[in-house]
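Please consult the sequence and the structure shown below while reading.

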Amino acid sequence: MEKLYDYLIHYNPYTKLWSAVPRDSYPAYWSNRKVEGVFSATKINDLIEMVLKEKEPGYDDLLKYRRGRSKY
């Protein structure tokens, strides 16, 4: 759960997406710039799971699975 401290979690009611933005990149994110390392999901639990599993073995497979399921 400590990995979550490195991210700003934000909900956009217009797109109905949760986003996890790296703390060092959030000024660029709020300036509407494309920022690397931003995760998005329709469900907060999916978003948290993505952040916690980042850079672990099998992470790319998780992303492919989630893309097919939760439309982020």
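What is the mean pLDDT of the chain, and what share of its residues reach 70 or more? The model is a predicted one; its mean pLDDT is 79, and 75% of the residues reach 70 or more. Within the chain, confidence is highest in strand 1, at 92, and lowest in helix 3 (residues 59-70), where the mean is 52. Over residues 68-72 the pLDDT is below 50, and this stretch has 12 contacts in the model beyond near neighbours in sequence.

**Overall composition**

The secondary structure comprises three helices and three strands. Read from the N terminus, the elements follow the order β-β-α-β-α-α.

| Property of the chain | Value |
|---|---|
| Residues counted as buried, of 72 residues | 32% |
| Contacts between residues 24 or more positions apart, among contacts with a separation of 6 or more | 32% |
| Accessible surface | about 5,400 Å² |
| Part of the accessible surface belonging to carbon and sulfur atoms | 52% |

The three strands form an open sheet in the order 1-2-3, with antiparallel pairing. Strand 1 (7-12) and strand 3 (39-41) stand at the edges; each has a single partner strand, so one side of each is left without a neighbour in the sheet. On average, neighbouring strands of this sheet are turned by 20° against each other, direction ignored. In general, strands of a sheet pair through backbone hydrogen bonds, either parallel or antiparallel. Here, strand 2 (residues 17-22) pairs with strand 3 in the antiparallel sense over three bridges. S19 stands opposite S40 of strand 3.

Helix 2 (residues 44-52) lies across strand 1, strand 2 and strand 3. The helix runs at about 155° to strand 3.

Leaving aside residues up to four places away in sequence, V21 touches D6, Y7, L8, Y26, Y29 and V38. One of these contacts, L8, is 13 residues from V21 in sequence, while the C-alpha atoms of V21 and L8 are 5.1 Å apart in space.

Conventions. Residues numbered from 1 in each chain as written. Predicted model: local features only at pLDDT ≥ 70, side-chain atom pairs only at ≥ 80, totals over all residues. Heavy atoms only, no water. Pairing = 2+ DSSP bridges. Helix = DSSP H or I, 4+ residues; strand = E, 2+ residues; numbered from the N terminus. Axes fitted to C-alpha atoms, helices over the stretch in contact; angles between N-to-C directions. Contact = heavy atoms within 4.5 Å. Buried < 20%, exposed > 50% of the residue type's maximum accessible area, 1.4 Å probe, protein only. Areas by Shrake-Rupley, 256 points an atom, 1.4 Å probe, with all protein chains shown as cover. pLDDT = per-residue confidence, 0-100.
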